[in-house]
Amino acid sequence: MKISVDWNRCEGHGICTEQAPKVFSLDDEGELSYPYENTDIPDELAPGARSAIGACPVAALKEQQ
Ligand code: SF4
């Protein structure tokens, strides 16, 4: 699976990092760090990543088909 981040929406709440800490993290400046842009997320990390989509309060995360 792939997830796209709408960087215009993301406000760095970091709730996604709680759901999937190996996929999403915050850098030292509180900005989202996301290494899987346009890259498949490993299957074992997909359940947490899907939870993060639903948990983001500004709907910045979308699963790509
Ligand atoms: S939960 Fe949403 S707004 Fe917060 S850092 Fe993650 S993608 Fe950005």
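Me: Is Asn38 buried or exposed, going by its C-beta neighbours inside 10 Å?
Reply: The general idea is a count of neighbours: a residue is buried if 20 or more other C-beta atoms lie within 10 Å of its own, exposed if 12 or fewer, and partly exposed in between, with C-beta atoms placed from the backbone. Asn38 counts as exposed because it has 7 C-beta neighbours inside 10 Å. Before going further, please keep in mind that this is a predicted model, in which local features need pLDDT of at least 70 and side-chain atom pairs count only at pLDDT 80 or more, while totals for chains, interfaces and linings use all residues. Residues are numbered from 1 along each chain as its sequence is written.

Me: Which helices and strands does the protein have, and what pattern do they follow along the sequence?
Reply: Helices (H or I, at least four residues) and strands (E, at least two) are DSSP runs, numbered from the N terminus. Here there are two helices and four strands, and reading along the sequence gives the pattern β-α-β-β-α-β. The protein is as compact as a globular protein of its length, because its radius of gyration is 10 Å, close to the 11 Å that the globule rule gives for 65 residues. That radius is taken over C-alpha atoms, and the rule is 2.2 Å times the number of residues to the power 0.38. Along the principal axes, the C-alpha atoms fill a box of roughly 30 × 20 × 20 Å.

Me: Where does Asn38 lie, and what is its phi?
Reply: Asn38 belongs to the loop between strand 3 (32-33) and helix 2 (46-55), and its phi is near 60 degrees, a positive value in a residue other than glycine. Ala59 is exposed, since it has 11 other C-beta atoms within 10 Å.

Me: What share of the residues is buried, and which residues make up the largest nonpolar core?
Reply: Of the 65 residues, 17% count as buried. A nonpolar core is a set of buried Ala, Val, Leu, Ile, Met, Phe, Trp, Tyr and Cys residues joined through C-beta atoms within 7 Å. The largest such core has 11 residues, namely Ile3, Cys16, Ala20, Val23, Phe24, Leu32, Ala49, Ala52, Cys56, Ala60 and Leu61.

Me: Which residues does Ala49 contact, leaving aside its neighbours within four places in sequence?
Reply: Two residues are in contact if their C-beta atoms, placed from the backbone, lie within 7 Å. By that criterion, and with those sequence neighbours left aside, Ala49 is in contact with Met1, Ile3, Ala20, Val23 and Ile41. Ala49 sits in helix 2 and counts as buried because it has 22 C-beta neighbours inside 10 Å.

Me: How many C-beta neighbours does Ala60 have inside 10 Å, and which residues does Ala60 touch?
Reply: Ala60 has 21 C-beta neighbours inside 10 Å and therefore counts as buried, although its place is in the loop between helix 2 and strand 4. Not counting residues up to four places away in sequence, Ala60 touches Val5, Asp6, Arg9 and Cys10. The C-alpha atoms of Ala60 and Cys10 are separated by 5.5 Å, while the two residues are 50 apart along the chain.

Me: What percentage of the contacts join residues at least 24 apart?
Reply: Among contacts between residues at least 6 apart in sequence, 68% join residues at least 24 apart. A separate pair, read by C-alpha distance, is Gln65 and Lys2, which are 63 residues apart along the chain and separated by 7.7 Å. Gln65 is placed in the segment after strand 4.

Me: Which residues come nearest to the ligand?
Reply: A residue is near a molecule or strand if its C-beta atom, placed from the backbone, lies within 6 Å of it. Of the 14 residues around the ligand, Cys10, His13, Ile15, Cys16 and Cys56 come nearest.
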